[in-house]
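Open the model in your viewer and keep the selection panel at hand. The tour goes one selection at a time.

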Amino acid sequence: MVQTAITAKTAVIYCRVSTEDQSCERQERDLKVFAERAGYDVKAIYKETASGAKNDRKQRAEVMKLAQARQIDAVLVTELSRWGRSTTDLLETLNRLASFNVSVIAQTGMTFDLSSAQGKLMLGIMASLAEFERDLLRERVKSGLNAAKAKGVKLGRQEGQNPSDKYTARVIDLINAGRSYRWIAHELQISKTTVTAIAKRRAG
């Protein structure tokens with residue numbers, strides 16, 4: 001009887017810390033032990049420093065490229081917060097990885113294989129949480145705007161925030177002096193549209 005050799009699954013280790021004074025050393029050490037015990041063949045180790053809200057994660061992008069090239073079977077992390085920036089981001093990246101048949105496996109033993117029953121359940125839960133987060137954000141923004149209006153705060157770009165505001169005083173002086181909008185625009189080296197906008201803001 002011929003025995004077929006079992007090929008170990010290929011994985012990468014992904015470590016992330018939030019600030020420069022932190023180190024990925026502990027994460028790397030723990031994940032190496034975890035990979036060995038679980039029988040993963042570690043292809044590479046990716047480490048980066050980026051805050052949880054930061055979108056520009058070059059090392060994570062490299063991991064996604066490997067997944068897309070079908071060169072790995074899993075991504076090993078100490079915890080999901082190391083991988084995903086938010087529930088929405090986590091959901092999006094897990095879906096992308098699932099399309100490449102790649103799982104994200106946390107050191108806790110939780111496997112996010114979206115082809116499995118457990119994975120599909122977690123997908124549904126995370127989708128609901130992501131929608132809940134979006135609803136909360138919309139409610140907070142709406143509540144904040146209403147509270148600001150109630151206090152008499154003017155919303156939108158105010159005077160001093162518009163790039164053309166630095167010309168306001170001079171433009172108004174020239175208009176009061178009887179100069180045409182075209183002449184003022186030429187004199188101040190700005191567009192006639194800007195002159196008109198300043199005049200309308202002052203009139204309003």
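Which residues of helix H2 (residues 58-68) are buried? Select Arg60, Val63, Met64, Leu66 and Ala67: these are the buried ones in H2. The model is predicted.

Look down the axis of H2. The background is helix geometry: with 3.6 residues a turn in an α-helix, residues three or four places apart point the same way.

Now turn to the face of H2 directed away from the buried side. Select Lys58 and Lys65; both are exposed.

Step past the end of H2. Arg70 follows the helix, and its phi is positive, near 60 degrees.

Next, select Arg60 again, together with Trp83. Arg60 lies over the face of Trp83, 5.3 Å from the ring centre.

Is it stacked or edge-to-face? The ring centres are 5.2 Å apart and the planes stand at 80 degrees; planes over 60 degrees apart count as edge-to-face, so this pair is edge-to-face. Tyr14 belongs to strand S1 (residues 10-17) and Trp83 to helix H3 (residues 80-83), so the pair links parts of the chain 69 residues apart. Tyr14 is buried, at 0% relative accessibility. Trp83 is buried too, with a relative accessible area of 0%.

Last stop: select Arg179 and Trp183. Arg179 lies over the face of Trp183, at 4.2 Å from the ring centre.

Note on methods:
Residues numbered from 1 in each chain as written. Predicted model: local features only at pLDDT ≥ 70, side-chain atom pairs only at ≥ 80, totals over all residues. Heavy atoms only, no water. Phe/Tyr/Trp six-rings, centres within 6.5 Å; stacked < 30°, edge-to-face > 60°. Helix = DSSP H or I, 4+ residues; strand = E, 2+ residues; numbered from the N terminus. Buried < 20%, exposed > 50% of the residue type's maximum accessible area, 1.4 Å probe, protein only. Lys NZ or Arg CZ within 6 Å of the ring centre and 35° of its normal.
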